[in-house]
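Trainee: I have a new structure to look at, and I would like to learn how to read it. Could we go through some features together?

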Amino acid sequence: MAKHLRRGLVALSLLVMPAAPMLAQERESPQVATASEVDLDALLARMTTAEKVGQLVQRMGGRQRALNSRLGPDELDRVRRGEVGSYLHVAGAEPLRELQRVAVEESRLGIPLLFAMDVVHGYRTIFPVPLAMAATWDPEAAESHARIAAREASAAGLHWTFAPMVDVARDPRWGRIVEGAGEDPFLGAAMAAAQVRGFQGSDLSAADTIMAGTKHFGAYGAAEGGRDYAGADLSERTLRETYLPPFEAAARAGTASFMTAFNALGGVPTTGNAALLRGVLRGEWGYDGVLLSDWHAIEELMAHGVAGDRVAAARLALEAGVDMDMVSDVYGQDLLASVEADPALMAQLDEAVMRILKAKRDLGLFTDPYKYHDASREAAVMLSPEHRAEARRIAERSIVLLKNEGDVLPLAKSAGRIALIGALADDARSQLGSWRARGVEEDVVTLRAALEAAHRGVAFVRGADSRSSETGGIAEAVAAAQGADLVVMALGEDFDWSGEARSRSSLELPGAQRELFEAVAATGKPIVVVLMGGRPLAIPEVAEKADAVLATWLLGDEAGPAVVRTLFGDANPAGRLPASFPRTTGQVPYTYDHLPSGRPADPDLAKDTARYMDLPIIPLYGFGYGLSYTTFAYGPLAVDQAIIPADGGRVTVSVPVTNTGARPGDEVVQLYMRDPVASVSRPVQQLRGFRRVALEPGETRVVTFTLDAAHFAFWGQNGGWVVEPGIIELSVGGASDAIHGRTDITLVGQGRGRASPASTPVESSDRPAG
Ligand code: NOJ
């Protein structure tokens, strides 16, 4: 053990208990500590109230784009005085080792610090944005990305990421839709749990795992009008059935922390919402990990109008159950006064401190505070060829084929002269998305670079970008199109149109891109649109006039190769939309799982029904939609039993699926349910299972889902998850609006569920037919 490390541990030595024996296979490295070596009660007993408050303080060590920039002498003095528990916006094995050294060796109690950063879709190796990763419908891909992100982030001295972001987003005007898994709670829950597993691994004390920070609990995605930070006003049922399940799934997967949302729910700001934080999260779900505020959210309790001053804000947040104050320093400056004025708060302060100390213990920091500060590991793991290869594989899996008229795709290798039009094709920065951690544009292979490398005869013209209404480049784009055999157009949004505080009032192609598209379309050349961006867009003109459309989101470092391999058929697209694409902005919010109306939408405008007069009823592209270069056929949907007890029953649903085309491809088999008659009106469809299956040409595989009766539960009129007797309709298909088989089962008796059905995984498998 290094000398400085030995000295650093002296202060703790009296508190260290003999280590519990550890199985060899549990140990990832010889220095890894067991979780129970430190007597935290003894440590807490030695802490002054000021030191306790210090543990609740998270300060910024820099800014998102200037990491570590604030770690000057004054800051180090704070650490020495025990006034800080954690830093965010910091990175680097060496600088963080030094910062940790100051905490461990030069503060009275030597309690290590927690280092955190937003590692949302990769640390140095940048993966597709989360909305794109949800389009894989492949939780294993999401888990694998998080595992790699954790490996890189931990090598750079980090213990904690503020991810996954699991807010269900049903209004694509909300810019943060890019950060989550889209509109559906069941898909969102699967992606949430997978990422938690990936970041944390099976042992949080291993040197290459980090704490997940699931955010933003609980209804941030329901912000009114899609305006970021705006309040949400929801029925208890909608909150429980739609917005909370991904959080519940993350809690069950063992997320080490949650972050509270900025916004208010039903008038109660979440950061001061005891019913939600202590009641649901800690009480009902039994969650005992760290709960962190969002940035300045404790201070913002004053702006929300529920705290008159900082002392009141500190008290409100602590009483609501918030353990750590991100950046506002309200706890740091004003909690002490609250506790001194009301000693009854001490118990809550102790609880909060204990949860933070436990997190530090679970990471193994009391045993080896420097285990995340190995500069040689840092140098070795970043952007390794394996990480890049996985980034490309996941990018390919994220791509959704929206249209392919006349099978214009895949392109022949001898496709002739290609005009590549659109500034986004050459925009490396945008592929990194709004959270890029330590990703750099130099690492990105753009569509332009990849296409020029793969194909001779590519003429690139910017034409227009998504920022400016300048139309001066359109004539050159038209000329390029005229001189080409085929046009590939990169259209959509650059990275800065989506993300935090990036709400839009219009979902149309921004800038002069519509004019550009119309002008190029008028040439009559075949057009393949590569649609980029962080949200569903309203692109009716593109859907009508382009020959093919690929939704490629913002795909990270390997964006270009992934798109080019898909264009030429080296990869067969199988992504599916995790959120509906509207026809026009006025159609949002629209979700596939809407409630039935007493007057269901009818195309006949002479009837008064639930629809717009000036729009078709359905979205442009529905939830779960996506095409392939091959075709699939479904056999009959079967159940192992048609009548099951509502209390404890199980049903196995199976369907054979065949690749009827000439290319290998993946089908995303989707299982939906409907409860047609219940004591409350139930959605017309709800996702209850999905499985991405790889099929060779001519191959048939039988896909099976096993559901408990509790998967058919809903939030009852008197609260709680109820399973009522009666028929449940099951349907299966390749999209919410491409249903190929249906059957009914009957529930008998009454049942109750313990958790939200959308948060509860459904077992699935696939096997050869016959
Ligand atoms: C505010 C954002 O809402 C949150 O998602 C993020 O983790 C923090 N800032 C820290 O950067």
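Mentor: Gladly! Keep in mind that this is a predicted model. Let us begin with aromatic rings.

Trainee: How many aromatic pairs does the count come to?

Mentor: A pair of aromatic rings is described by the distance of the centres and the angle of the planes. The count here comes to 18 aromatic pairs. One of them joins Phe217 and Trp285, with 5.8 Å from centre to centre and 80 degrees between the planes, an edge-to-face arrangement. This pair links distant parts of the chain, 68 residues apart: Phe217 belongs to strand β5 (residues 213-217), while Trp285 is in the loop between α11 (274-284) and β9 (290-292).

Trainee: Is Trp285 buried or exposed?

Mentor: Buried means under 20% relative accessible area. Trp285 has 17% relative accessibility, so it counts as buried.

Trainee: Why is the pair of Phe581 and Tyr621 called edge-to-face?

Mentor: Planes over 60 degrees apart count as edge-to-face. The planes of Phe581 and Tyr621 stand at 65 degrees, with the ring centres 6.4 Å apart, so this pair is edge-to-face. Both residues lie in the loop between α23 (559-567) and β17 (632-634), so the pair ties together parts that are 40 residues apart in sequence. Phe581 and Tyr621 are both buried. Rings can also gather in a group: Trp137, Phe186, Tyr592, Phe623, Tyr672 and Phe690 form one aromatic cluster.

Trainee: Which charged residue lies over the face of Phe495?

Mentor: That is Arg429, at 3.7 Å from the ring centre. Look at Trp497 as well: the charged end of Arg467 sits over its ring, 4.4 Å from the centre.

Trainee: Now the sheets. What is the order of strands in the open sheet of six?

Mentor: The order is β11-β16-β15-β14-β12-β13, and the pairing is mixed. At the edges stand β11 (400-404) and β13 (458-461), each with a single partner strand, so one side of each has no neighbour in the sheet. On average, neighbouring strands are turned by 20 degrees against each other, direction ignored. Within the sheet, β15 (residues 527-532) and β16 (residues 548-553) pair in the parallel sense over five bridges. Leu531 stands opposite Ala551 in β16. Helix α23 lies across β14 (486-492), β15 and β16, running at about 155 degrees to β16.

Trainee: At what angle do helices α9 and α10 pack?

Mentor: The angle between α9 (residues 236-243) and α10 (residues 245-252) is about 50 degrees, and their axes are 5 Å apart. That makes α9 oblique to α10. Among the residues that meet are Leu239 and Tyr243 in α9, and Pro245 and Phe247 in α10.

Trainee: What should I look for in the backbone?

Mentor: Most residues other than glycine have a negative phi, and most peptide bonds are trans. Here, the peptide bond from Ala163 to Pro164 is cis, with omega near 5 degrees. Another cis peptide bond joins Phe217 and Gly218, where omega is about 5 degrees.

Definitions and conventions. Residues numbered from 1 in each chain as written. Predicted model: local features only at pLDDT ≥ 70, side-chain atom pairs only at ≥ 80, totals over all residues. Heavy atoms only, no water. Phe/Tyr/Trp six-rings, centres within 6.5 Å; stacked < 30°, edge-to-face > 60°. Helix = DSSP H or I, 4+ residues; strand = E, 2+ residues; numbered from the N terminus. Buried < 20%, exposed > 50% of the residue type's maximum accessible area, 1.4 Å probe, protein only. Lys NZ or Arg CZ within 6 Å of the ring centre and 35° of its normal. Pairing = 2+ DSSP bridges. Axes fitted to C-alpha atoms, helices over the stretch in contact; angles between N-to-C directions. Contact = heavy atoms within 4.5 Å. Parallel < 35°, antiparallel > 145°, perpendicular 65-115°, else oblique.
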